[in-house]
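Please look over the chain shown here before reading the notes.

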Amino acid sequence: MKLWVTPKGDRWLCAECQKQYEKQIEEEKWRVAFEKWEPMLRCSDCGHSDLDVLD
Ligand SMILES: [Zn+2]
């Protein structure tokens, strides 16, 4: 999971949601603060963790 720095504050996004935000990421110049593989982290958008997206 990556922590993105956005104009509206920091948010965690999973790989799937990152695809949906690609355009916004580019337009608003989001950047990755850091990346962490931590099962407890939840995506701010879909609410899933990195470990349960395969379901
Ligand atoms: Zn997500």
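The model is predicted. Its secondary structure consists of two helices and three strands, in the sequence order β-β-α-α-β. With a radius of gyration of 11 Å, close to the 10 Å that the globule rule gives for 55 residues, the protein is as compact as a globular protein of that length.

**Overall dimensions and packing**

- The C-alpha trace spans about 30 × 20 × 15 Å along its principal axes.
- Buried residues make up 11% of the 55 in the protein.
- Of the contacts between residues at least 6 apart in sequence, 64% join residues at least 24 apart.

- Helix α1, which covers residues 15-20, contains Cys 17.
- Is Cys 17 buried or partly exposed? Cys 17 has 19 other C-beta atoms within 10 Å, and a residue counts as buried at 20 or more, so Cys 17 is classed as partly exposed.

**Cys 17: contacts along the chain**

- Leaving aside residues up to four places away in sequence, Cys 17 touches Cys 43, Asp 45 and Cys 46.
- One of these partners, Asp 45, is 28 residues from Cys 17 in sequence.
- In space, the C-alpha atoms of Cys 17 and Asp 45 are 6.9 Å apart.

How values were computed:
Residues are numbered from 1 along each chain as its sequence is written. This is a predicted model: local features need pLDDT of at least 70, side-chain atom pairs count only at pLDDT 80 or more; totals for chains, interfaces and linings use all residues. Helices (H or I, at least four residues) and strands (E, at least two) are DSSP runs, numbered from the N terminus. A residue is buried if 20 or more other C-beta atoms lie within 10 Å of its own, exposed if 12 or fewer, and partly exposed in between; C-beta atoms are placed from the backbone. Two residues are in contact if their C-beta atoms, placed from the backbone, lie within 7 Å. The radius of gyration is taken over C-alpha atoms; the globule rule is 2.2 Å times the number of residues to the power 0.38.
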